[in-house]
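Open the model in your viewer with side chains and ligand displayed.

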Amino acid sequence: MNLPSLKEAKVRTNKEIKIINNDYIVPKSMKTIGKDKKYYIKTYGCQMNVHDTENIKAILEDMSFTETLDMGDADLILLNTCAIRENAHNKMFGFLGRVKHLKESKPNIICAICGCMAQEESVVNAIKLKYKWVDIVFGTHNLHKLPFILEESLKEKRQEIEVFSIEGDVYENIPVKRDSKYKAWVNIMYGCDKFCTYCIVPYTRGKQRSRLHKDIINEVETLVKDGYKEVTLLGQNVNAYGKDLKIDYTMSNLLEDVAKTGIDRIRFVTSHPWDFNDEMIDVIAKYKNIMPYIHLPLQSGSNRILKLMGRRYTKEEYIKLFNKIKEKIKGVSITTDIIVGFPGETLEDFNETLDVVNTCKFDSAFTFIFSPREGTPAANMKNNLTDEEKNNRLYMLNELVNKYALENNKKYLGKVVPVLLEDFSEKEGSLMGYTDTMKLVNVETDKKYLGKIVDIKITDVKTWSMDGKIDKKV
Ligand code: 5AD
Ligand code: SF4
């Protein structure tokens, strides 16, 4: 048993990061553990978690498990959890209630918890005490050990907790079962060293560790050969890519090399304004296959709050960067993240955030009420607002954000734009996909266009999506 430790998770040393390049092999004895058994996996949180789930699925299928989308039919239930805000916690514990119920009638079901919540000391303590029927807890650094943990749990019939609070290594060659045949997630780095005062990620995901660029390029080249049209380069703070490798190779070099693989579309998330330099902007502007879409979290428009958040930029610097990106990258769309109700946020501070939204007129924004995360500095700062005040601020902010989202979308009416039609739409007889600027478009059309980048004429726009039809020229 290895338990998480908040104290250890905070540590950052100069220890060299190990790149583990061995072939990933599930021992023969474990290959049939899942024979005639089904797994069900529920994923919460960000794209990083979604991609981890793709790894977990491949590992389980290598052990002969098959996937079911019906939890009631499963022999193994996994919850890949998120820790970013309190409501993610609530969702997970709510879900556990349903699993417990199932286990009462089918006691042999194995229940496993992984992801960011598994890295939290307090969560694991609660599971040990109050959720003794949970069979397995494994952390974000232990994903590759899943076959061994599962075997141990089945053999020993006791709760297995395998969570390391280490700074982390880089494991190459972990198998992957991708959800899509057209777009793929590609990790370029793990962890984060920014330690924004509200954020739990540096504790749950460990030290910043970049993958070697040759490994990333190899992965993208294989995806191109396999017919993939789009890659999204993933990291908590992708602009800082390479800084930990101590070689002269940065995010702009990586973007350029990925562009040269010839893949049709390249995206990347998430950017921190601090590391977004001119070279990166120039490379994005230069290559047509790097999409003109940037997610650039603002968090707050008040310099006082930005400082308390440890964000390392002022609102003036943010706006300057925003304008530079808009100027140099033709037709770029920019989205953002904003937190309201950070400890000490006054009405003036909040109004400054609204001012920045009025200046930047973002294409869209993810907005959140501050949620104290145990162990982070901001969790100990004094809350000065009632829930009602926070909800009111969120409501006002959303109204403004939505107004600009719709205004921006209206500029697309009647235009013809390329869309990668990646899946069936919720609307019957329609496909859905995204423009290069990351606008969701529903297109009433034949499924023969699935997986293709097609010119679409935009016929209607809403706040969150657009409708379109195939342009006649196709
Ligand atoms: N409370 C509220 N929002 C948070 N985020 C991160 N941590 C917190 C928190 N403790 C938001 C930030 C980040 C996004 C992924 O989640 O806006 O950019
Ligand atoms: Fe969290 Fe992003 Fe800040 Fe890292 S840069 S601490 S992931 S908000």
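Select Y313 to begin: its relative accessible area is 7%, so Y313 is buried (under 20% relative accessible area with a 1.4 Å probe, protein chains only; over 50% is exposed, and partly exposed lies in between). This is a predicted model, in which local features need pLDDT of at least 70 and side-chain atom pairs pLDDT 80 or more, while totals for chains, interfaces and linings use all residues. Residues are numbered from 1 along each chain as its sequence is written, chains are lettered from A and ligands numbered from 1 in the order written, and side-chain values use heavy atoms, without hydrogens and water.

Together with F322 and F362, Y313 and Y318 form one aromatic cluster.

Next, select R312 and W274. R312 lies over the face of W274, 5.8 Å from the ring centre (the criterion is NZ of Lys or CZ of Arg within 6 Å of the ring centre and within 35 degrees of the ring normal).

Now move to ligand 1. Around ligand 1 (a heavy atom within 4 Å) are I84, R85, Y198, Q299, D337, I339, F368, I369, F370, S371 and R373. Show the polar contacts (N or O atom pairs within 3.5 Å). A polar side-chain atom of R85 is 2.9 Å from an oxygen atom of ligand 1. Polar backbone atoms also approach a nitrogen atom of ligand 1: one of Y198 at 3.0 Å, and one of S371 at 2.8 Å.

Methods
Rings of Phe, Tyr and Trp (its six-membered ring) pair if their centres lie within 6.5 Å; planes under 30 degrees apart count as stacked, over 60 as edge-to-face and the rest as tilted. A polar contact is a pair of N or O atoms within 3.5 Å; within protein, one must be able to donate a hydrogen and the other to accept it, and residues adjacent in sequence count only if both atoms are side-chain atoms.
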